[in-house]
Amino acid sequence: MEMHFSANLNIMIKAARKAGRSLVKDFREVENLQVSVKGPGDFASRADYAADGILRDELMTARPTYGWLGEESGGQDGSDPTRRWIVDPLDGTTNFLHGLPHWAVSIALEHKGDMVCGVVYDPMKDELFHAEKGNGAWLNNTRMRVSGRGNLNASIFAAGLPLPGQFDARQMLNDISRLVPHCAGIRRWGTASLDLTYVAAGRFDGYWERGLDIWDMAAGIVIVREAGGFVAPLEKDDGILEKGDLIVSNGGVFEKFAKLIRQV
Ligand code: IPD
Ligand code: CA
Ligand code: CA
């Protein structure tokens, strides 16, 4: 399969790189502020807003008729009701705030309720994950596929845990204790968009989380699906994007992994 960049994908990539440059500059400052008494909190949230401004500017200037939904700037209808950008300017805020170089810019394009294009950019590692429906998934210039593992015992899974006050952690902890004896490891890396794209890249064999927002997962879902991954709701009849609970993996372990996680 040839790598193909549509005009929209090019716009998204340019915007993600520009926001990424601004965030990297601010992240260097956050690293310095770790040792200060005041800490990097305000600075990090200013960095987040600055990245949001860059993305809005780039994406809405290039496509003024599209709608917008951003974590930091809310929703806005476009004159074209069928298309909407769904944006998280900084996914992995807690990592960013603590000087952990694992966070990303996430941009999805929705068309008639369907996610058709996704870009997740990790500027610290210069890893650009992108996909367009029907055109495969790519990490920089290389085609990505989910891992080929079919054995739970050899598989590594990513998980999410609730933020303080979000919901009771017990359900996730119970899931984890059921899975631990049957797998090679579980990671909680704190950036949902990268958890998804790491499954796409075959680095994680699967991932599950509850309580996500649409901007955490919209881009990553297109990418992992295009890489051959399975994406399903945790409760069989829920809408993934509405409920925010999902289970994702390669095809080889999906049945076994989902059976363990869904068992109550
Ligand atoms: C968070 C991250 C995290 C997930 C949280 C999200 P934010 O996004 O994606 O991995 O567990 O549910 O809210 O707040 O860093 O943009
Ligand atoms: Ca997020
Ligand atoms: Ca965010």
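Predicted model: local features only at pLDDT ≥ 70, side-chain atom pairs only at ≥ 80, totals over all residues.
Donors are N, O and S atoms that lie within 3.2 Å of the metal when that metal is Ca.

Take the calcium ion (ligand 3) to begin with. Its protein donors are Glu 71 (OE), Asp 88 (OD), Asp 88 (OD) and Leu 90 (O), and they sit 2.2 to 3.1 Å from the ion. Glu 71 is found in the loop between β1 (67–70) and β2 (74–76), and Leu 90 belongs to strand β3 (residues 83–91), so the pair ties together parts that are 19 residues apart in sequence.

Now for the calcium ion (ligand 2). Here the protein donors are Asp 88 (OD), Asp 91 (OD) and Asp 216 (OD), at 2.1 to 2.4 Å from the ion. In sequence the donor residues are spaced D-x2-D-x124-D. Asp 88 lies in strand β3 and Asp 216 in helix α6 (residues 214–226), and this pair links distant parts of the chain, 128 residues apart. Both Asp 88 and Asp 216 are buried.

Next comes a sheet. It is open, has five strands in the order β10-β9-β11-β13-β12, and its pairing is mixed. Strands β10 (185–187) and β12 (230–233) stand at the edges with a single partner strand each, so one side of each has no neighbour in the sheet. On average, neighbouring strands are turned by 20° against each other, direction ignored. As a reminder, strands of a sheet pair through backbone hydrogen bonds, and they can be parallel or antiparallel. Strands β9 (residues 156–159) and β10 run parallel and are joined by three bridges. In one of these pairings, Ile 156 has Gly 185 of β10 as its bridge partner.

Helix α5 (residues 192–200) lies across β9, β11 (206–209) and β13 (246–249), running at about 155° to β11.

Arg 210 deserves a look of its own. Its place is in the loop between β11 and α6. Is this arginine buried or exposed? Arg 210 has a relative accessible area of 11%, and anything under 20% counts as buried, so Arg 210 is buried. Its side chain makes a polar contact of 2.6 Å with the side chain of Asp 175. Another polar contact, of 3.3 Å, joins the side chains of Arg 210 and Gln 171. Setting aside neighbours within four places in sequence, Arg 210 is in contact with Phe 167, Gln 171, Met 172, Asp 175, Leu 234, Gly 244 and Asp 245.

Then there are the backbone angles in a couple of loops. Asp 126 has a phi near 45°, a positive value in a residue other than glycine. Asp 126 lies in the loop between β5 (114–122) and β6 (127–132), and at 39% relative accessibility it counts as partly exposed. Asn 140 is not a glycine either, yet it has a positive phi of about 50°. Its place is the loop between β7 (137–139) and β8 (142–144). Asn 140 is partly exposed as well, with a relative accessible area of 28%.

Last come the cysteines. A disulfide is a covalent bond between the sulfur atoms of two cysteines. How many disulfides does the model hold? The count comes to zero, going by a cut-off of 2.5 Å between the sulfur atoms. Cys 117 is buried, with a relative accessible area of 1%, and Cys 183 counts as buried at 14% relative accessibility.

Terms used: Residues numbered from 1 in each chain as written. Chains lettered and ligands numbered in written order. Heavy atoms only, no water. Pairing = 2+ DSSP bridges. Helix = DSSP H or I, 4+ residues; strand = E, 2+ residues; numbered from the N terminus. Axes fitted to C-alpha atoms, helices over the stretch in contact; angles between N-to-C directions. Contact = heavy atoms within 4.5 Å. Buried < 20%, exposed > 50% of the residue type's maximum accessible area, 1.4 Å probe, protein only. Donors = N, O, S within 2.8 Å, 3.2 Å for Na, K, Ca; no water. Polar contact = N/O pair within 3.5 Å; in protein donor to acceptor, adjacent residues only side chain to side chain.
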